[in-house]
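Have the sequence handy as you read.

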Amino acid sequence: MREVIVRLHEFERVSLSKLRALGVDVSHSELSHFVEIINTIHGREHRVFSIEYSPRRREHYLRAHGSIGFAYYVRRGKRMTFQVLPKPFRADPDDRRSIQFFLHLLNLAKGMNLERGHLNALGDEYSRSGDIDELFKSMYVLLLSKALGEGPYLEYGEIEENSKVIRGRILVSKMARRPPWEPEVPVRYSLMLENNPLNRVLKGALAIVMSTAKWKPTKRLGGILMGAFQGVDLPHPGDGAKVAFNHLNERFRTVFNLAETILSAFTGLGTGDRILPGIFISMDELFEALVYQTIRSALGREAEVRFEESLPHIIRNAREYEIKRRAVFMMGNPLPDITIRTEKGSCIVEVKYRDLYVRLNNEGRRVRKLVRNSSELYQAYAYAKLFGGGVLLIYPRLEGRYNYWLPDFFTAGGDDVLRFFDGTKLGIFGYEISRIGDGVVVDGSGVSLEEGLRERVREFLLDFCGEL
């Protein structure tokens, strides 16, 4: 099968004419259908792709949004792979830093606990091939190998058979219908079985990885792991819903979630021409986890740090009015990303994974912004008044390349604190991602900061939430 790979960075757009030059021979309607399916499956709150039209250039564009991953469009014997990569390192000639940034955040947010050496090896392998889909396959075999380190999961199941030895319960109803000279007795008994729903899902995903993987290390390790599933069937319909986790199989939870993702990722939709939805991970979620764990590491036991704590409704007596009008203001109460409570006071942190270099419509020029749009300021002010205290907005930052005009969160001071019209404190900062690996260590268990860096962040947060 012929292959075409289209690589975009987050929020980058590519014209339909350029796609055709790359070998993506699809019409506008076909590309729109592809985008609609991918957004339906992966979009949830945010779109993965969109189709835009430029009146000035009289051309349609495919735009990527804030999710990292891949999807396939198989058409007329050609597989077209659409890959989206992290944007902060877009100007870097080597994508290795970009991918390792993504892998470390994914490892943290999903609790994979993969070793730094494994993540670096994946980044190196990617730099040689440029196939982001192979990253997920390699992560799967690594996670599965780790989970199987204590042996495969066995669970009790019931077996019915005809036996010359009486064991378990005799099935009287079946026995009554058998000729009296039959030497075997129908019985039912319980046994620890390896052919259970969890193992079948794991084997099904491993079979997909083995049949599609390009990287030799992935195929080598996958082949070894397949031996652990010799007595296990491929997935039965509904197996995923039958899996229940307990203290005996909890170690398989993360790899099971990835297995289900892989099974759905490579299930073709449609006949003839097929769309394989692939895997897309929202960078909003990963970046929020990074900031949350960084703040927890800096403050330790000196503050109570919570993620997505529900605040009171922004409208007084909202519930009574909603019942009266049989309509709702909004779906649920406000959920700020991070809330901090200290002995001296409180504050809120809103995490925004946004590029602040904005192109003005129809003017052909770009401007640096301090917030993406004014609604982010309105939201920050409302959250601050509901919770009490000030509010911090934190965006990704990369010195000299990405949102670099924002003050660095790791060197924040009192001079960087702003005030709303009524005196409510506001801080707008960039999380300098180049510090990851240089003073900031990110792994599957959390974030740890170099002592001097930790102390600076700690002092600033305590002051901001207190008397600053």
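A cavity here is a set of grid points where a 1.4 Å probe fits but cannot get out, and its volume is the space filled by probe spheres set on those points. Keep in mind that this is a predicted model.

So, how many cavities of 30 Å³ or more are there? The count comes to one. The largest cavity holds about 40 Å³ of space. Around it you'll find Tyr153, Glu155, Pro197 and Leu198, along with Lys242, Val243, Ala244 and Asn249. That lining splits into five nonpolar residues, one polar and two charged.

Now over to a pair of helices. H11 covers residues 283-299 and H14 covers residues 451-465. Their axes come within 8 Å and cross at roughly 90°. Angles of 65 to 115 degrees count as roughly perpendicular, and H11 and H14 are therefore roughly perpendicular to each other. Here's who meets whom, helix by helix:

| Helix | Residues in the contact |
|---|---|
| H11 | Ile295, Ser297, Ala298, Leu299 |
| H14 | Arg454, Val457, Arg458, Leu461, Leu462 |

By type, the residues of this contact come out as six nonpolar, one polar and two charged.

H14 has another link to look at. The structure holds one disulfide, formed by Cys347 and Cys465 with their sulfur atoms 2.0 Å apart. Cys347 sits in strand E13 (residues 346-351) and Cys465 in helix H14, so the bond ties together parts that are 118 residues apart in sequence.

Methods: Residues numbered from 1 in each chain as written. Predicted model: local features only at pLDDT ≥ 70, side-chain atom pairs only at ≥ 80, totals over all residues. Heavy atoms only, no water. Axes fitted to C-alpha atoms, helices over the stretch in contact; angles between N-to-C directions. Helix = DSSP H or I, 4+ residues; strand = E, 2+ residues; numbered from the N terminus. Parallel < 35°, antiparallel > 145°, perpendicular 65-115°, else oblique. Contact = heavy atoms within 4.5 Å. Nonpolar A, V, L, I, M, F, W, Y, C, P; charged D, E, K, R; others polar. 1 Å grid on protein atoms, 1.4 Å probe; cavity = no way out; pocket = protein on both sides within 12 Å on 5 of 7 lines; lining within 4 Å. Disulfide = S-S within 2.5 Å.
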